[in-house]
Amino acid sequence: MNKKRSNTLFIAEVAVFSALAFLLDFAAELLSLKIWPQGGSISIAMVPIFLMAYRWGIRGGLLTGFLLGLLQVVLGFGKIYFIVQGILDYFIAFTVVGLAGLVAGKIKKSYDEGNKGKWMTYVVIGAFVGSLLRYLCHVIAGAVFFGEYAPKGQPVMIYSLGYNGTYMLPSFVISAIIVILVIGAVPKRVILGKN
């Protein structure tokens, strides 16, 4: 594939997967029944980011995550109370999910070797890294900007760790499972690229 066609394909896929991530997050927000009053929901919005990170590497993941955060803010679905909190909770938090792409080469190599257990392990590791980094962004934003909601006598950081963990842990587990199912079901050249 020539470079110009490859760049066009990359841009098109980033746009489509960012929009898909936004729609998945929007659906999760509607179904969350407002359990998390300061924001957050169990969502599979990270699935398209992980898929782009594993297909195109870090740049695909970072750009898709950044665009998801941008769409949430621009379309008015972001819960922004302070500028820095908005940047941390949306732009940085979703962008760093794309760092799951750090293991893209290992996933492709294991997949090529037919080592199912190994590529699945790398998928989970990448999803864990991206989810953990996003979680840490939300925890910091929660501790700094939403500490007033912590129950009296409870340390703010403990409150933020627990609050954000209630939706991030299930989101990580469900997203990792879906990504494994997608990669296992779709031909490698389609989902992981040719290299």
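Which residue with a positive phi follows α5? In this predicted model, that residue is Gly114, with phi near 75°.

View 1. Helix α5 covers residues 104–112. Gly114 comes after α5 and has a positive phi, near 75°. Four residues of α5 are named as buried: Ala104, Ile107, Lys108 and Ser110. Seen down the axis of α5, these buried residues fall within an arc of 165°, so they line one face of the helix. An α-helix has 3.6 residues a turn, so residues three or four places apart point the same way.

**View 2. Helix α5 packs on helix α6.** Helix α6 spans residues 116–145. The axes of α5 and α6 lie 8 Å apart, at an angle of about 165°. The pair is therefore roughly antiparallel. Their crossing is left-handed. From α5 come Lys106, Ile107, Ser110 and Tyr111. They meet Lys118, Trp119, Tyr122 and Val123 of α6. By type, the residues of this contact are 5 nonpolar, 1 polar and 2 charged. Ile107 and Ser110 are both buried and take part in this contact.

**View 3. Helix α1 packs on helix α2.** Helix α1 runs over residues 3–31, and helix α2 over residues 46–56. The angle between them is about 160°, and their axes are 9 Å apart. That angle makes α1 roughly antiparallel to α2, because values over 145 degrees count as such. The crossing is left-handed. On the α1 side, Ser6, Leu9, Phe10, Glu13, Val14, Phe17, Leu20, Ala21 and Leu24 make the contact. The contact of α1 with α2 divides into 11 nonpolar, 1 polar and 2 charged residues.

**View 4. Helix α3 packs on helix α4.** Helix α3 holds residues 58–74, and helix α4 holds residues 83–97. Their axes are 7 Å apart and form an angle of about 155°. The two helices are thus roughly antiparallel. Here the crossing is right-handed. Helix α3 contributes Gly61, Leu62, Gly65, Phe66, Leu68, Gly69, Leu70, Gln72 and Val73. Helix α4 contributes Tyr90, Phe91, Phe94, Thr95 and Val96. The residues of this contact include 9 nonpolar and 5 polar, with no charged residue.

Terms used: Residues numbered from 1 in each chain as written. Predicted model: local features only at pLDDT ≥ 70, side-chain atom pairs only at ≥ 80, totals over all residues. Heavy atoms only, no water. Axes fitted to C-alpha atoms, helices over the stretch in contact; angles between N-to-C directions. Parallel < 35°, antiparallel > 145°, perpendicular 65-115°, else oblique. Left-handed = near helix turned anticlockwise from the far one by under 90°. Contact = heavy atoms within 4.5 Å. Nonpolar A, V, L, I, M, F, W, Y, C, P; charged D, E, K, R; others polar. Buried < 20%, exposed > 50% of the residue type's maximum accessible area, 1.4 Å probe, protein only. Arc of directions from axis to C-beta.
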